[in-house]
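Thanks for coming, everyone. Let me put the structure up, and then we will walk through it together.

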Amino acid sequence: MCDSNEVENGYDEDSWEKLKNKVDQESGDESERLDKLTLIVLQGFVNRLLTEPTGIPIEKKGIKRCPQGENQDYLIHKQKKHKACQQQQQEKKKKKRANPSPKEGQDEMMKKFAELGLEPPPDMPEAFKICIQDMGGTEIKLVIQKSIRVTDLDPQQNRMSMPLKQVRCEFLNEVEKEKLSRRQAIQVVFVEPSVVVSELNLNKWDVGKTSSSYVLNGPWHKNVVKNNEDSLLETI
C-alpha cells in the first residue's frame, strides 16, 4: 500500500502514475481504487499542512497549530465549549418554561382543563379586569367555575359555597390558610356582576368528615343577591 508520506510534498506526472499503478495492483475494483486514491491524497494534504506553516489553523487530536510558524500549541477544549453551549441552551429552556408567553400559558391551562374533563373558562369581562386593576389587584386567577344553585340565593342560607373539590388553583397564602383553619373569617373585596364592589367574609366550612367548602357570607344576600337578583336567577 502506498503511504501518504510519499505524496505529501506534491505530485508530478511520474509520481502520480506510480501512485495509480500501485493502487491498481492492490485492488481490481474501480470503486475501491478511487476510494484508496482519495484517502491517500487527503492524508498527504493534511500532513503537509501540519508540517508546513501556511497561516491556516489546523486541528488534530485537540491541538491547534498557531499560524505563521509560532512555536506554541494551544489546547482546544472542545468538550468544555460544547458543554458550556449545552448549559446555555438548557438555561434558555428553563427561563422559557418559567416565563411562558401569554399564549403558551393559555394553551397549557386549556390542556390541563381538558385532561381533567373540565370546560374551558370563559374570558373575564374587561370591566371586571379594569375594576380589579384599579384596586391594585394583581395575578388574576380563575379560582372556581360553578353554576349558581338555589341554595346560593336562599336568604336563610345567606352564603355562596365554593367546594374545595371544584377549586382550580391555589389562591391563599400560608397566613390566610392558617387563619381559616382556626375558623376565623377573612375580609375580602367582591366585585358583583353589576361591577359594584362589596366587602364580604370568606370562611372555610367542613361538610361532614370528607369534604370542605370555602364560603362567601356576611352581607352576601343583602348586598350581592338583592343588587343582582335578576341576572343571578337567569343562571339557575
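How many helices and strands does the chain have? Nine helices and seven strands. Helices here are DSSP runs of H or I with at least four residues, strands are runs of E with at least two, and both are numbered from the N terminus.

Some ground rules. This is a predicted model, where local features need pLDDT of at least 70, side-chain atom pairs count only at pLDDT 80 or more, and totals for chains, interfaces and linings use all residues. Residues are numbered from 1 along each chain as its sequence is written, and side-chain values use heavy atoms, with hydrogens and water left out.

Now the chain as a whole. It has 236 residues, and 23% of them count as buried. Buried means under 20% relative accessible area, exposed means over 50%, and partly exposed is in between, with a 1.4 Å probe and protein chains only. A contact means heavy atoms within 4.5 Å. Take the contacts with a separation of 6 or more: 45% of them join residues 24 or more positions apart.

Next, the sheet. Four strands form an open sheet, in the order S4-S7-S6-S5, with antiparallel pairing. S4 and S5 are the edge strands, each pairing on one side only. From one strand to the next, the twist averages 35°. Axes for that angle are lines fitted to C-alpha atoms, for helices over the stretch in contact, and angles run from 0 to 180 degrees between N-to-C directions. Two strands pair if DSSP finds at least two bridges between them. S6 and S7 have seven bridges, in the antiparallel sense. Look there for Leu202, which stands opposite Leu216 in S7.

A nonpolar core is a set of buried Ala, Val, Leu, Ile, Met, Phe, Trp, Tyr and Cys residues joined through side-chain atoms within 4.5 Å. The largest one has 17 residues, and Met162, Leu202, Leu216 and Trp220 have the most contacts inside it. Which elements each supply at least two of its residues? Strands S4 (160-163), S5 (186-191), S6 (197-207) and S7 (211-217), plus helix H8 (220-227). H8 gives the largest share, three residues. As a general point, nonpolar side chains tend to be buried together in soluble globular proteins.

Stay with Trp220 for a moment. Beyond four places in sequence, Trp220 touches Asp152, Asn158, Arg159, Met160, Phe190, Leu200 and Val225.

Back in strand S7, find Ser213. Is Ser213 buried or exposed? Buried, at a relative accessible area of 9%. Leaving aside neighbours within four places, the contacts of Ser213 include Met162, Pro163, Asn203 and Trp205.

Over to helix H7, residues 174-181. At its start, a side-chain oxygen of Asn173 reaches to within 3.1 Å of the backbone nitrogen of Val175. Just after H7, Arg183 takes a positive phi of about 60°.

Now charges. Side chains of opposite charge can pair when their charged atoms come close. A salt bridge here is a side-chain nitrogen of Lys or Arg within 4 Å of a carboxyl oxygen of Asp or Glu. By this rule there are six.

Start inside H7. Lys177 and Glu174 form a salt bridge at 3.6 Å, N to O. They are three residues apart in the helix, so about one helical turn separates them. Lys177 is partly exposed at 29% relative accessibility, and Glu174 is exposed at 58%.

Next, Asp206 and Arg183. Their closest N and O atoms are 3.2 Å apart. This pair links distant parts of the chain: Asp206 sits in strand S6, Arg183 in the loop between H7 and S5, 23 residues apart. Asp206 is partly exposed at 45%, while Arg183 is exposed at 60%.

Salt bridges that share partners also join Lys146, Asp152 and Arg159 into one network. Within it, Lys146 and Asp152 meet at 3.0 Å, N to O. Lys146 is partly exposed at 23%, and Asp152 is buried at 0% relative accessibility.

Last stop: helix H1, residues 13-26, where you find Leu19. Leu19 is buried, at 2% relative accessibility. Leu19 and Leu37 are 18 residues apart in sequence, and 8.1 Å apart in space, C-alpha to C-alpha.

That is the tour. Thank you.

Terms used
Polar contact = N/O pair within 3.5 Å; in protein donor to acceptor, adjacent residues only side chain to side chain.
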